[in-house]
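Me: I would like to learn how to read a structural model feature by feature. Could you take me through the one below, giving the general idea and then the case at hand?

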Amino acid sequence: MDNHDAVDAIADQWARVRPDLDSLPMVVFGRIYRLAAAMRGKVDKAYGQYGGMSLGEFDVLATLRRSGEPYTLSPRELTATLMITTGGMTGRLDKLERAGLLTRSPDPNDRRGLRVTLTEEGLELVDQAVGAGLAQQRAALEAALTPEEAEQLSGLLRKLLATTA
């Protein structure tokens, strides 16, 4: 089996025209970027089975779900957690509210603020969707790595991420 992939081909081209460059960083991050894009597509497709939900919409519902009961956060807390603009958040909240997956209500502690709460329907939907997304991710890991290798990769990526964040 030939383990040479498209990222290797790119590195080989650079080695021919710029043999003075160490392309290992390009190879590592090129694979991370390609893997993230491939898995994003698979997971987005899995989430789409649940009312046509996008990855961004899943992120909102999942953030509310992870917050624990009563599954309520302010729009500001959601925006900070998801690292999107307030305009982007408003669009997601509008769509999810129209679908009956969350509600917006006045914040009892701040008359200018709002609270976003997951509905029972939203809770059921996100619980189903998270299982479907994890199944896609698990299948990808199990197709290529042993459980020990997956743990090792997770640790190495955590270490790398800690130095770049």
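Me: Where is the place of Pro-70?

Reply: Before placing the residue, note that this is a predicted model, in which local features need pLDDT of at least 70 and side-chain atom pairs count only at pLDDT 80 or more, while totals for chains, interfaces and linings use all residues. Residues are numbered from 1 along each chain as its sequence is written, and side-chain values use heavy atoms, with hydrogens and water left out. Helices (H or I, at least four residues) and strands (E, at least two) are DSSP runs, numbered from the N terminus. Pro-70 is found in the loop between H3 and strand S1 (72–73).

Me: What kind of peptide bond joins Glu-69 and Pro-70, and which phi does Tyr-71 have?

Reply: As a general idea, most peptide bonds are trans, and most residues other than glycine have a negative phi. Here Glu-69 and Pro-70 are joined by a cis peptide bond with omega of about 10 degrees. Tyr-71, which is not a glycine, has a positive phi of about 60 degrees, and this residue also lies in the loop between H3 and S1. Met-83 likewise shows a positive phi, near 55 degrees, and is a residue other than glycine; its place is in the loop between H4 and H5.

Me: Are Tyr-71 and Met-83 buried or exposed?

Reply: The idea is to judge each residue by its relative accessible area, where buried means under 20%, exposed over 50%, and partly exposed in between, with a 1.4 Å probe and protein chains only. Tyr-71 has a relative accessible area of 13%, so this residue is buried, whereas Met-83, at 73%, is exposed. Ala-6, in helix H1 (residues 6–17), has 41% relative accessibility and therefore counts as partly exposed. Over the protein chain, 28% of the 165 residues count as buried.

Me: With which residues is Thr-117 in contact, leaving aside its neighbours within four places in sequence?

Reply: Contact means heavy atoms within 4.5 Å. Thr-117, whose place is in strand S3, counts as buried because its relative accessibility is 19%. Once its neighbours within four places in sequence are left aside, Thr-117 is in contact with Leu-64, Pro-70, Tyr-71, Thr-72, Leu-101, Leu-102 and Thr-103, a list that takes us back to the loop residues Pro-70 and Tyr-71.

Me: Which residues touch the most other members in the largest nonpolar core?

Reply: A nonpolar core is a set of buried Ala, Val, Leu, Ile, Met, Phe, Trp, Tyr and Cys residues joined through side-chain atoms within 4.5 Å. The largest one has 27 residues, and those touching the most other members are Val-60, Leu-61, Leu-64, Leu-78 and Leu-102. Two or more residues of this core come from each of helix H2 (24–48), helix H3 (55–66), helix H4 (75–82), helix H5 (86–98), strand S3 (110–118) and helix H6 (120–144). Apart from neighbours within four places in sequence, the contacts of Val-60 include Leu-78, Met-89, Leu-93 and Leu-102.

Me: How many helices and strands are there in the protein chain, and why is it more spread out than a compact globule?

Reply: The protein chain has seven helices and three strands, running α-α-α-β-α-α-β-β-α-α from the N terminus on. Its radius of gyration, taken over C-alpha atoms, is compared with a globule rule of 2.2 Å times the number of residues to the power 0.38. The value is 20 Å, well over the 15 Å that the rule gives for 165 residues, so the chain is more spread out than a compact globule. The C-alpha trace spans about 65 × 30 × 25 Å along its principal axes.
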